[in-house]
Amino acid sequence: MPVRPIVIGRDEEDAKRFGELGTITLGKHIVGTGEDAHLTNTIVMDVARPHVMLVLGKRGQGKSYTLATIAEGVTELPKDIRSNLSVVIIDTMGIFWSMKNPNEKQVELLAAWGLQPKAFDVTVYVPHGHKDFFHKEGIPYDGTYALNPSDLTPEDWALSFELSLIDPTGILLDRVVRKLKESGSYGIDDIIEAVDADRRAEPKVKEALQNRLLSAKEWGLFSSRGTPIEELLQPGKVSIIDTSLFSQLGEGWSVRSLLVGLVARRIYEARIAARRREETELITGTVAKKKIPLTWLMIDEAHQFLPADGRTAATEALLSLVKQGRQPGISCVFATQRPNKLHEDAISQADLVLTHRLTVKADIDALRSIMQTYVLFDITKYLNELPREKGVALVLDDNSERLFTLKVKPRQSWHAGDTPIALRVKEGLV
Ligand SMILES: Nc1ncnc2c1ncn2[C@@H]1O[C@H](COP(=O)(O)OP(=O)(O)OP(=O)(O)O)[C@@H](O)[C@H]1O
Ligand SMILES: [Mg+2]
């Protein structure tokens, strides 16, 4: 009899009702420890229902790789299921574009899994103001993204500029942006002009704010035509938002948070509206023209956007997804080296936790808080017993109340986040 896969991410009722339908292959179950460890059943993961998933592990253990394996899985689903889903990846390191290329590096490993290298039809977006750089570097991209300044609230600006709204500069910003909002669409130059025209602020306060706004123009992020969210959320599509170039800016993480916050907010709004249309369809039997698929938002280095301490321009929007994303059908996958630095709500709301090796005590302690009654031993024991191999992880599934050790399925597409090595080894010598 063929061995049935283990399904994670489903409660008993869904598992019975849907079997393996709407699941993707995550990896294989590892049985035994140390030298006796071997791979057994396939582990598949539900992607049909919304989840909050954490992908954890210290440096170089396979977090980004695992995110790509999940994204590949979604694009491999049968068309009728895939077309109800979309994936958005926030790429902080500029490594996911390589999903467009086949994984020729791990051919043997893939063969051992009965797989072959394969290129995926993902859509890569780069910041509208930096496309020349990508062009020059020969990094393929398919589109650009931009934010419309009039979509930002005074608080968005303040968080990106690391200003307090109760400081004189923040007060001026708040006053000017609120006033402009009454008049429809506006650009950064309009804000700068409005600052100039303000009669209450002192000249040096005005100048300080104008300097910030001028520097924001250099971010390469703004345009009067912001990218409509519908473009990113198309049936069966994986959209990769490359934010790696912002690392060159002093305020790199604030700029990225601003972007992530707006994207998350738009996804939420779009799915809330879509959910309403879907309900109407169910009730009336009519078919709505505009479809926004259920969305998986994957964020690498998530502690930068949703930190345990302090707030970023993405905090509020991401917390809404974490706490209220189930009803509109939004899943979040947060990858981080430092669960201890991730907001506690992301940790407490997670129903799937995939953790590669972790060694820092504070990070293991953060995990301990989500260890449920179904876990027999202390998490440290499980983590210590993980075979020391890349891609090996422990997965905690709150839906089925079970825990497994697994080896994540190898990627069929090229992994661009490889660890570099300073040795140049002649071919054939190793
Ligand atoms: N499931 C896997 N199968 C085979 N190799 C893997 C697997 N997962 C990871 N690796 C290998 O480990 C390397 C590091 O993985 P990855 O870049 O995902 O680490 P990371 O946890 O994201 O690290 P960082 O925290 O530095 O971003 C990959 O380049 C790949 O060679
Ligand atoms: Mg990584």
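**Helix packing, a buried leucine and a ligand shell**

Helix α7, residues 168-181, packs against helix α9, residues 203-217, at an angle of about 70 degrees, and their axes are 9 Å apart. Keep in mind that this is a predicted model. Angles of 65 to 115 degrees count as roughly perpendicular, so α7 and α9 are roughly perpendicular to each other.

Now the residues at that contact. On the α7 side they are P168, T169, L172 and L173, and on the α9 side V205, K206, A208 and L209. By class, the contact of α7 with α9 has six nonpolar residues, one polar and one charged.

Next, one position in a strand. L396 sits in strand β12, which covers residues 392-397. Is L396 buried or exposed? A residue counts as buried if 20 or more other C-beta atoms lie within 10 Å of its own. L396 has 24 within 10 Å, so L396 is buried. Leaving out residues up to four places away in sequence, L396 touches V353 and L403. L352 is 44 residues from L396 in sequence, yet the two are 5.8 Å apart in space, C-alpha to C-alpha.

Last, the ligand. How many residues surround ligand 1? There are 17, and the closest are G62, K63, S64, Y65 and G391. Helix α2, residues 63-75, supplies the largest share of that shell, with three residues. As for the make-up of the shell around ligand 1, ten residues are polar, four are charged and three are nonpolar.

That covers the helix pair, the leucine and the ligand.

Technical notes
Residues numbered from 1 in each chain as written. Chains lettered and ligands numbered in written order. Predicted model: local features only at pLDDT ≥ 70, side-chain atom pairs only at ≥ 80, totals over all residues. Axes fitted to C-alpha atoms, helices over the stretch in contact; angles between N-to-C directions. Helix = DSSP H or I, 4+ residues; strand = E, 2+ residues; numbered from the N terminus. Parallel < 35°, antiparallel > 145°, perpendicular 65-115°, else oblique. Contact = placed C-beta atoms within 7 Å. Nonpolar A, V, L, I, M, F, W, Y, C, P; charged D, E, K, R; others polar. Buried ≥ 20, exposed ≤ 12 C-beta atoms within 10 Å, placed from the backbone. Near = placed C-beta within 6 Å.
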